[in-house]
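Trainee: I have a structure to get through this afternoon. Can we go over it together?
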Amino acid sequence: MKELQRILSYVRRAADEYEMIRAGDKICVGVSAGKDSLTLLVALAELRRFYPKPFTLCAVTVDLGFPGADYSEIEELCRRLSVEYRVVPTEIGKIVFDIRREKNPCSLCAKMRRGALHAAAKEMGCTSVALGHHFDDAVETFFLSLFYEGRLSCFQPVTYLDRSGVTQIRPLIYAGEQKIANLAE
């Protein structure tokens, strides 16, 4: 599959250039069920077969507590990829929308999701958490920072999180959103 090979080349390049993966790492992929995180999961599962630094992989979905959420297809994909999978139940939706009634819920929701993801990763013995942020996300973050904060900044491809003791990595940093969408189709 040509699209997967292209994504793998971007992931391999990022992993090598930013030293994202160390031999013996256990990497937790944060899976939201969107195209970016599922592409990342598939790419890392494939990379695991030939990367010179052996690593293991698991996946975590943070359930926000909304009724009717079904993660059975992700569970099946993880089974096929031989990836340990866990759903972390939370009440984030209730807290953000019902209790706090946030007018702009995105920031608080994101912080709470990351906290739940990092806690689960640590509990599972992971050394890294992989997020599906890609090249277009980096460009968007750069311009939002410039326009709304008046400064030049963006997220880092690799960040050690001393509060949780894990390293956050973004292996899709060189992959554009359209390439990811092509693979997802």
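Mentor: Start with a term: contact means heavy atoms within 4.5 Å. Another one is for helices and strands, which are DSSP runs (helices H or I, at least four residues; strands E, at least two), numbered from the N terminus. This is a predicted model, where local features need pLDDT of at least 70 and side-chain atom pairs count only at pLDDT 80 or more, while totals for chains, interfaces and linings use all residues. Residues are numbered from 1 along each chain as its sequence is written, and side-chain values use heavy atoms, with hydrogens and water left out.

Trainee: OK. What do the buried residues of H1 pack against?

Mentor: They pack against H2 and H7. The buried residues of H1 are Leu 4, Ile 7, Leu 8, Tyr 10, Val 11, Ala 14 and Ala 15. They cover an arc of only 160° around the axis, so they sit on the same side of H1. The arc is taken from the directions from the helix axis to the C-beta atoms. Buried means under 20% relative accessible area, exposed means over 50%, and partly exposed is in between (1.4 Å probe, protein chains only).

Trainee: Why do residues a few places apart point the same way?

Mentor: An α-helix has 3.6 residues a turn, so residues three or four places apart point the same way.

Trainee: Where does Glu 19 lie, and is it buried or exposed?

Mentor: Glu 19 lies in the loop between H1 and strand S1 (26-30). Glu 19 is exposed, at 60% relative accessible area. Most residues other than glycine have a negative phi. Ser 82 is another residue other than glycine with a positive phi, near 60°. Ser 82 is in the loop between H3 and S3, and at 59% relative accessibility Ser 82 counts as exposed.

Trainee: What about Val 83?

Mentor: Val 83 is in the loop between helix H3 (72-81) and S3 as well, but Val 83 is buried, with a relative accessible area of 6%. Leaving aside neighbours within four places in sequence, Val 83 is in contact with Leu 41, Ala 45, Arg 48, Leu 57, Cys 58, Ala 59 and Cys 78.

Trainee: Changing topic. How many salt bridges are there?

Mentor: The structure holds ten. A salt bridge is a side-chain nitrogen of Lys or Arg within 4 Å of a carboxyl oxygen of Asp or Glu.

Trainee: Which ones should I look at?

Mentor: One of them is between Lys 35 and Glu 177, at 2.9 Å from N to O. Lys 35 lies in helix H2 (residues 35-47) and Glu 177 in helix H7 (residues 177-184), so the pair ties together parts 142 residues apart in sequence. Lys 35 is partly exposed at 31%, and Glu 177 is partly exposed at 35%.

Another is Arg 86 with Glu 123, whose closest N and O atoms are 2.8 Å apart. This pair links distant parts of the chain, with Arg 86 in strand S3 (residues 84-89) and Glu 123 in helix H5 (residues 106-123), 37 residues apart. Arg 86 counts as partly exposed at 27% relative accessibility, while Glu 123 counts as exposed at 62%.

Trainee: Which residues do shared partners join into one network?

Mentor: Lys 35, Asp 36 and Glu 177, through salt bridges that share partners.

Trainee: And Arg 22, what does that pair with?

Mentor: Arg 22 forms a salt bridge with Asp 25, with the closest N and O atoms 3.2 Å apart. Arg 22 is partly exposed at 40%, whereas Asp 25 is buried at 3%.
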